[in-house]
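Student: I would like to learn how to read aromatic pairs. Can you take me through a case?

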Amino acid sequence: MTRIRAAVLGSPIEHSLSPVLHRAAYRELGLDDWSYDRFEVDEAALPGFVAGLGPEWAGLSLTMPLKRAIIPLLDGVSETAASVEAVNTVVLTRDGRRLGDNTDIPGIVAALHERGVEKVPSAAILGAGATASSALAALSRICTGEVTAYVRSSARADEMRQWGERLGVAVRTADWSEAAAALQAPLVIATTPAGATDELAAAVPAGPGTLFDVLYDPWPTALAAAWSQRGGTLLGGLDLLVHQAVLQVEQMTGRSPAPLEVMRRAGLAALSGAH
């Protein structure tokens, strides 16, 4: 039996939950001839890895630092991926083409829709890294007003305003020292590294709106825990990971719908077993 292969690439990659999610989907879908692995690949090694892929390969998931580095190696890129110059999904077609997409953006939207967040009049983003641009692209689909980005440097502020212009979103920037004000927004998306928002936990207002904190380990963050205690709607990194992986499975396998709840349970089990 010829195995069909897929994998996640990145550096570091050992803690990626993608294999857990994709393998759970394959089992549920009866795709016994599919495998999904992880490979430690940095930017220097990426061209050689991609060049060595044979016809048994169906798809790749890309994590940092490869989401931009993969683009020159592709035959086509979706409008969604092009809008943020970041590809996290590559589908390898039977005729040998390599097609890139970004499932982080619709994954954020789908996760929010699942929690009943369809439209918001304004929003705040904490941070200005790679995930922040995807968050901004997602907000272009659901936010009808201004997005305020709280950042640590003028260079990051300029970047976020440029992304806003490119994505058609009204972006205002504010210094990180004012980040507590972000928590008053109806939707807050935290895209910062572990520990960066801990200082904001004490500033969570009574009856907050929705917080989407893209971290899943450690979880909950101090901010997420405080948000939940005060009765706000809370989404975490696993919500994003599962929803973007669902879209990857559907694209790579051609099977739809992917088993969202099975994948979520597998992710939760893996995270609980890691602690």
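Tutor: Start with the rule. Rings of Phe, Tyr and Trp pair if their centres lie within 6.5 Å. Planes over 60 degrees apart count as edge-to-face. Keep in mind that this is a predicted model.

Student: How many aromatic pairs does the structure hold?

Tutor: There are five aromatic pairs.

Student: What describes such a pair?

Tutor: Two values do: the distance of the centres and the angle of the planes. Now take Tyr-26 and Tyr-36. Their ring centres are 6.5 Å apart and their planes stand at 65°, so this pair is edge-to-face.

Student: Where do Tyr-26 and Tyr-36 lie?

Tutor: Tyr-26 is in helix H1 (residues 18–29), and Tyr-36 is in strand E2 (residues 34–40). The pair therefore ties together parts that are ten residues apart in sequence.

Student: Are Tyr-26 and Tyr-36 buried or exposed?

Tutor: Buried means under 20% relative accessible area. Tyr-26 has 3%, so Tyr-26 is buried. Tyr-36 has 0%, so Tyr-36 is buried too.

Student: Which residues do ring pairs link into a cluster?

Tutor: Tyr-26, Trp-34 and Tyr-36.

Student: What kind of pair do Phe-49 and Trp-57 form?

Tutor: An edge-to-face one, with 6.1 Å from centre to centre and 75° between the planes. Both Phe-49 and Trp-57 are buried.

Student: Now the strands. In which sense do E8 and E9 pair, parallel or antiparallel?

Tutor: Parallel. Strand E8 (residues 147–151) and strand E9 (residues 171–175) pair over five bridges. Thr-148 stands opposite Arg-172 in E9. With helix H6 (residues 154–167), E8 and E9 make a right-handed β-α-β unit.

Conventions
Residues are numbered from 1 along each chain as its sequence is written. This is a predicted model: local features need pLDDT of at least 70, side-chain atom pairs count only at pLDDT 80 or more; totals for chains, interfaces and linings use all residues. Side-chain values use heavy atoms; hydrogens and water are left out. Rings of Phe, Tyr and Trp (its six-membered ring) pair if their centres lie within 6.5 Å; planes under 30 degrees apart count as stacked, over 60 as edge-to-face and the rest as tilted. Helices (H or I, at least four residues) and strands (E, at least two) are DSSP runs, numbered from the N terminus. Buried means under 20% relative accessible area, exposed over 50%, partly exposed in between (1.4 Å probe, protein chains only). Two strands pair if DSSP finds at least two bridges between them. A crossover is right-handed if, with the strands pointing away from the viewer, the path from the first strand over the helix to the second runs clockwise.
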